[in-house]
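This report describes the fold and the pockets of one protein. Look at the structure first, then read on.

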Amino acid sequence: MKRIIISRTDAIGDVILTLPMAGILKQQIPELQIIFFGKTYTEAVVRCSEHIDEFVNFDDFIKLDENERITFIKNINADVILHVFPRKEIAYAAKHANINTRIGTSHRLYHLITCNKRISFTRKNSDLHEAQLNLKLLAGLNIDTAFSLEEIAAHYGFIKIPVVADYYRRITDTKRLNVVIHPRSHGSAREWGLENYRELIFILIEHSINVFISGSDKEKLELDKWLESIPPQVHNMMGRLNLSELIGFLSITDGIVAGSTGPLHIAAAEGLHALGIFPPIRPMHAGRWAPVGRQAEFITFPKNCSDCRLKPANCSCLKNITPQQVADVILRWKK
């Protein structure tokens with residue numbers, strides 16, 4: 001085994017929680033070449049890991065016809081493919097490209113004819129974390145899959161951090177705590193609520209914490225009115241940073257507060273304080289999606305909850321987490 005493809009073509013947080021798989025593989029086989037198959041918008045994240053040797057773009061692959069896709073996969077010249085996030089287009093192309101070892105879950109019908117090693121496990125009702133579930137596929141290579149979250153956190157290899165512009169260094173304060181608030185999640189998580197984040201910001205300012213608000217261009221437009229109610233000393237970074245710049249900027253702060261979203265997992269992989277706010281409802285609970293890192297933690301409401309499954313906007317469990325509770329955790333970060 002000389003070259004292996006890790007295929008994970010979904011969101012940023014999912015991709016980050018897959019990177020430790022590469023670190024574990026490198027630990028077992030140092031000379032192994034690891035190729036990550038992902039989407040364009042996650043490339044900046046993948047390239048931060050020292051364990052990834054190449055990035056292959058799914059967005060280029062999916063535009064091709066069936067025969068071209070097979071050639072595309074053949075040209076990678078891999079011995080093994082791990083279908084971490086199953087895609088039938090990739091599975092069929094990998095089979096017809098004659099990749100020797102094709103590993104996927106046994107719960108996809110098309111894997112019955114496209115994978116020659118099928119691992120039986122289910123994600124939806126598991127008590128394991130997403131990062132631990134990813135590693136289950138390593139059983140197809142006879143590699144131990146039982147890793148604690150602490151062990152997983154040591155295998156990101158997330159050290160190739162983009163250079164940070166001088167301007168962003170100037171607006172951080174080495175004598176104060178620098179905290180990023182990321183109030184939205186592009187629909188990937190239950191929302192704690194803008195009023196809660198607003199109240200949290202006021203509490204943090206009272207304690208002389210240097211606060212930054214991050215988010216996308218689209219989110220900035222949606223939150224224009226809310227941003228007008230935020231004190232002027234708060235740094236509004238919404239819409240100003242691409243993904244690579246966000247990774248670099250986070251690295252010079254002390255940490256982030258967010259729901260279950262990409263920037264939370266980026267901060268965790270960087271070894272920063274990463275405080276996630278989670279509902280207790282499965283499968284989006286912290287047990288499955290909490291940030292994994294040296295200084296990662298989460299807050300959730302202690303309830304076995306399914307009350308708001310049909311009305312996610314009215315998640316009383318999230319509303320019962322107070323800004324003061326969140327602030328109390330952050331204040332323990334103080335320099």
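In the protein, 60% of the contacts with a separation of 6 or more join residues 24 or more positions apart; a contact means heavy atoms within 4.5 Å. The model is predicted, so local features need pLDDT of at least 70 and side-chain atom pairs count only at pLDDT 80 or more, while totals for chains, interfaces and linings use all residues. Residues are numbered from 1 along each chain as its sequence is written, and side-chain values use heavy atoms, with hydrogens and water left out.

Of the 335 residues in the protein, 56% are buried (under 20% relative accessible area, with a 1.4 Å probe and protein chains only). Along the principal axes, the C-alpha atoms fill a box of roughly 60 × 45 × 35 Å.

The two pockets below are open sets of points on a 1 Å grid over the protein atoms alone, where a 1.4 Å probe fits, with protein on both sides within 12 Å along at least five of seven lines; lining residues have an atom within 4 Å of a point. A volume is the space filled by probe spheres set on the points, which are joined across faces, edges and corners.

| Largest pocket | about 720 Å³ | 33 residues |

S185, H186, T261, G262 and P263 are the lining residues closest to the centre of the largest pocket.

Terms used
Buried < 20%, exposed > 50% of the residue type's maximum accessible area, 1.4 Å probe, protein only.
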